[in-house]
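Hello,

Here is the structure I promised to pass on to you. Please have a look at it first, and then read my notes below.

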Amino acid sequence: MTDHQAAPTYRSEVGEADAALDQRLSDELDVVNAAATVGTPAARELTVRLLDASGELAAGVSGWTWGVAAGIGMTWVDEDARGQGLGERLLADFEAEARARGCTHVFVTSFTFQAPGFYEKQGYREIFRWQGVPTADSDDVHFRKEL
């Protein structure tokens, strides 16, 4: 920049959920990611849902696969259906599809007030934790499982 050129000005807009912004960021990052991982197919979403006899959602998991990695973003089991093995079934189905897509490992996070013990029982090992997230007396625990 020369002495005669003014620096560009920018303004901040702070807000809440913004689907259009999320989509734009995702699209822009897809370009960067594709350039950095030539020959690797783009990330794909991966979901598993378990429905009860009436067709209502009893449990679900959503995440992604990309290259040799899979990640779980959210896992939920209806309170009335807990303790019936639905969580184990969700993970088994998710992991089977991740393997079929060429993944060799899965990542997941769980707050200490959620279900870290559940993931450990399913063969996930803690790789690190952020202490004091989201509250001073809880942690964000990160896990990995080899498939």
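Predicted model: local features only at pLDDT ≥ 70, side-chain atom pairs only at ≥ 80, totals over all residues.

Residues are numbered from 1 along each chain as its sequence is written, and side-chain values use heavy atoms, with hydrogens and water left out.

Let's begin inside. The largest nonpolar core has 22 residues; such a core is a set of buried Ala, Val, Leu, Ile, Met, Phe, Trp, Tyr and Cys residues joined through side-chain atoms within 4.5 Å. Buried means under 20% relative accessible area, exposed means over 50%, and partly exposed lies in between (1.4 Å probe, protein chains only). The members that touch the most others are Ile72, Leu86, Leu90, Phe94 and Tyr124. Two or more residues come from each of β1 (44-51), β2 (57-66), β3 (69-77), α2 (86-100), β4 (105-111) and β6 (139-146), and α2 gives the most, with 5 residues. Helices (H or I, at least four residues) and strands (E, at least two) are DSSP runs, numbered from the N terminus. Beyond four places in sequence, Leu90 touches residues including Val48, Ala59 and Trp76, where contact means heavy atoms within 4.5 Å.

Next, two strand residues. His142 lies in β6 and counts as buried because its relative accessible area is 13%. Its side chain makes a polar contact with that of Asp140 (3.4 Å); this term covers a pair of N or O atoms within 3.5 Å, and within protein one must be able to donate a hydrogen and the other to accept it, with residues adjacent in sequence counting only if both atoms are side-chain atoms. Leu57, in β2, is partly exposed at 42%. Its C-alpha atom is 8.8 Å from that of Val77, 20 residues apart along the chain.

Finally, how many salt bridges does a search of the whole structure find? There are 7, each a side-chain nitrogen of Lys or Arg within 4 Å of a carboxyl oxygen of Asp or Glu. One of them joins Arg11 and Glu13 (2.4 Å, N to O), both exposed. Another links Glu97 and Arg101 at 3.0 Å. Arg129 pairs with Glu126, with closest N and O atoms 2.9 Å apart, and shared partners join Glu126, Arg129 and Asp139 into one network.
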